[in-house]
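Please read the following briefing alongside the sequence and the three-dimensional model.

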Amino acid sequence: MTVSATVSATASATALLERLTEVARTDVRPAAELLASAVRNNGVIQAFGTGHSQGTALEIAGRAGGLVPTNRIALSDLVQFGGEDPSILADPMLERRGDVVSRLYELAAPQPQDVFVIASSSGVNSSVVEMAHTVTSKGHKLVVITSLRHSSQVPALHESGKRLSDFADVTLDNGAPFGDTLLPLPDGTFVGGVSSLTAGLLAQMLVAETVRLLIDSGVEPPVYVSNNVPGGYDRNVKLEALYEGRIRRTAS
């Protein structure tokens, strides 16, 4: 990629992030209210995403500056906690299988007051749509992070004919373009994936607003300090103990 192309990619991504910051303000507040309500009621924020959207779930669950009562659900839970043969993870189409979701939900064992955040830029893969269907049918509130532009232009893959946003109590649009890429190439393809940037920004806006709402309501927010600062690890362990058996912290 040439220097001019690099500059163009940077400018395009920066402009998108700036637009997103302004547009998302009105949507982040109601989403944060759902998360703050869950925390006040001793709930856990359950985050789920597949593919690159696993990164968005990691922005929500278990990171420095984030909330302690958070849990990441991942397809790898089928092996790590569910006893499935590791070969199942070699299937590149696993994220398109809705039949694994009931097991993932069972392994997470969420309580009624838990709220879910599900991320998928495409919003159509069967595992995320089935998870959305499952959690809402069981009464959980759902915040979705997706690209409405992309999702509206591709066929629904779930047997219901629905997309992820169809199940959401609140949808946060990550603003990613169709195909998740910014810069056109001479052969008609595009380069410059952007949804990881925009979804990550939305996730952090959501966490910050949730913390603000907790403070405003007189609740001390249970927030992680980096394990890499003095005393951080011991402090975090004490807070995690309040949610023993409900949140998982693994190496990946």
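**Parallel strand pairing**

Strands β3 and β4 (residues 142–146) run parallel and are joined by four bridges, where helices (H or I, at least four residues) and strands (E, at least two) are DSSP runs numbered from the N terminus, and two strands pair if DSSP finds at least two bridges between them. This is a predicted model, in which local features need pLDDT of at least 70 and side-chain atom pairs count only at pLDDT 80 or more, while totals for chains, interfaces and linings use all residues. Residues are numbered from 1 along each chain as its sequence is written, and side-chain values use heavy atoms, with hydrogens and water left out.

*Pairing in detail*

*Burial of the strands*
- Because five of the five residues of β3 are buried, this strand is largely enclosed by the rest of the structure; buried means under 20% relative accessible area, exposed over 50%, and partly exposed in between, with a 1.4 Å probe and protein chains only.
- Both faces of β3 are covered, with V115, V117 and A119 buried on one side and F116 and I118 buried on the other.
- Strand β2 (residues 70–73) is likewise covered on both faces, by the burial of T70 and R72 on one side and of N71 and I73 on the other.

- S122 lies in the loop between β3 (115–119) and α5 (126–137), and it counts as buried because its relative accessibility is 19%.
- Leaving aside neighbours within four places in sequence, S122 is in contact (heavy atoms within 4.5 Å) with T146, H150, S151 and V154.

*The chain as a whole*
- The protein chain contains eight helices and seven strands, and 45% of its 252 residues count as buried.
- The radius of gyration, taken over C-alpha atoms, is compared with a globule rule of 2.2 Å times the number of residues to the power 0.38; for 252 residues a compact globule would have a value near 18 Å, and the 18 Å of the protein chain agrees with this.
- Along its principal axes, the C-alpha trace spans about 55 × 40 × 30 Å.
- Among contacts between residues at least 6 apart in sequence, 76% join residues at least 24 apart.
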